[in-house]
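Please examine the sequence and the structure below before reading on.

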Amino acid sequence: MARRLDCSRRNSRTVQRQASVLNPPELGADTNNRCCWNRLWFVQDICGIICAVLTWLLVLYAEYVVVFVILLPSPYLYYSAVNFVIFQTLAFLAITSHLRTMFSDPGAVPRGNATKETIQQMGLCDGQVVYKCPKCCCIKPDRAHHCSVCQRCIKKMDHHCPWVNNCVGEKNQKYFVLFTFYIAVISSHAFFLAISHFIMCVNSDWNKCSSKSPPATVILLILLIFEALLFAIFTCVMFGTQVQAIWNDETGIEQLKKESVRWQKRSPWRSLRSVFGRFSLVWFSPFTGPSLNLNKLDGYLHAV
Ligand SMILES: [Zn+2]
Ligand SMILES: [Zn+2]
């Protein structure tokens, strides 16, 4: 749905004023998809919550086998100590990235702000229109899509991922890419440790290779090898797809729908910087978010 309004000349001051117009105070605090006294974003989708808990349990299982079946009973102290530190660090970064993806607002557009007053206050020029989402009644910015699970329009929505129980969008894509990266690395590490331990146990006739009985050790190791291989492949593909999408400045939905390019495409490097920030070690940290200039009306106004 498009609406055209005439307007007088706009300058930078009016653009600043218009930015606050998109989230008018009369709408009040939006409690949709929020928890912990509105502080955290949380999608109340039972399927997504089950998948997210399953992810934590799978990491916990890998932790148990790697620590108690592989590393602690190993006779090689330095080998155990080094691998223990590497595995724990990666597990911590993977879980932190997961939590940040899950509990971060992916770039939700305020619901119900597409009122006559708001649109009038935006001060559109001749030949400009705004789009309204018929499902959540918001003024829909360019490249935003409505997610039926989150029940919100999400800026630069890539896809809704049940494994993180959230949409992947403008404001949490970095955390999601890091999550796939760290899970891919931790899975490859666990796969290497499990295969090495299995070979060592076979060579030593299962003597002193584990505190568990040989059949229990075999089952635990085979399950870990299967889990690690499956998730290493899955997250490697996901990581590659995400990096390719950022490189081409095109989201997963835009690729899927084969949408015509209406936005000004950024160079691969600028696109990467818009998601991860300036290149530094911070790129690999799930503790810092992307620095977005969110007070812009760019993308809300469309020429006709
Ligand atoms: Zn919507
Ligand atoms: Zn969603």
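## Two packed helices

In this predicted model, helices H3 and H5 cross in a left-handed manner. Two packed helices are described by the angle between their axes and the distance between the axes. For H3 and H5, the angle is about 150° and the axes are 8 Å apart. Because angles over 145 degrees count as roughly antiparallel, H3 is described as roughly antiparallel to H5.

Residues from both helices form the meeting surface: H3 contributes Phe87, Leu90, Ala94 and Thr101, among others, while the partners in H5 include Phe176, Phe179, Tyr182 and His189. Beyond its neighbours within four places in sequence, Phe179 is in contact with Ala94, Ser97, His98, Thr101 and Val164.

## Helix H5

Helix H5 covers residues 173-203, a run of 31 residues. At 1.5 Å a residue it should span 45 Å, and its end C-alpha atoms are 45 Å apart, so the two values agree. Just after H5, Asp205 takes a positive phi of about 55°.

## The nonpolar core

The largest nonpolar core holds 54 residues, of which Ala94, Ile154, Phe179, Tyr182, Ala190 and Ala194 touch the most other members. Helices H2, H3, H5 and H6 and strands E7 and E9 each give two or more residues to this core. The largest share, 14 residues, comes from H5.

## The chain as a whole

The protein chain contains eight helices and ten strands. Of its 304 residues, 36% are buried. Among contacts with a separation of 6 or more, 72% join residues 24 or more positions apart.

Conventions. Residues are numbered from 1 along each chain as its sequence is written. Chains are lettered from A and ligands numbered from 1 in the order in which they are written. This is a predicted model: local features need pLDDT of at least 70, side-chain atom pairs count only at pLDDT 80 or more; totals for chains, interfaces and linings use all residues. Helices (H or I, at least four residues) and strands (E, at least two) are DSSP runs, numbered from the N terminus. A residue is buried if 20 or more other C-beta atoms lie within 10 Å of its own, exposed if 12 or fewer, and partly exposed in between; C-beta atoms are placed from the backbone. Two residues are in contact if their C-beta atoms, placed from the backbone, lie within 7 Å. The expected span of a helix is 1.5 Å times one less than its number of residues. A nonpolar core is a set of buried Ala, Val, Leu, Ile, Met, Phe, Trp, Tyr and Cys residues joined through C-beta atoms within 7 Å. Axes are lines fitted to C-alpha atoms, for helices over the stretch in contact, and angles run from 0 to 180 degrees between N-to-C directions. Angles under 35 degrees count as roughly parallel, over 145 as roughly antiparallel, 65 to 115 as roughly perpendicular and the rest as oblique. A crossing is left-handed if the near helix is turned anticlockwise from the far one by less than a right angle, and right-handed if clockwise.
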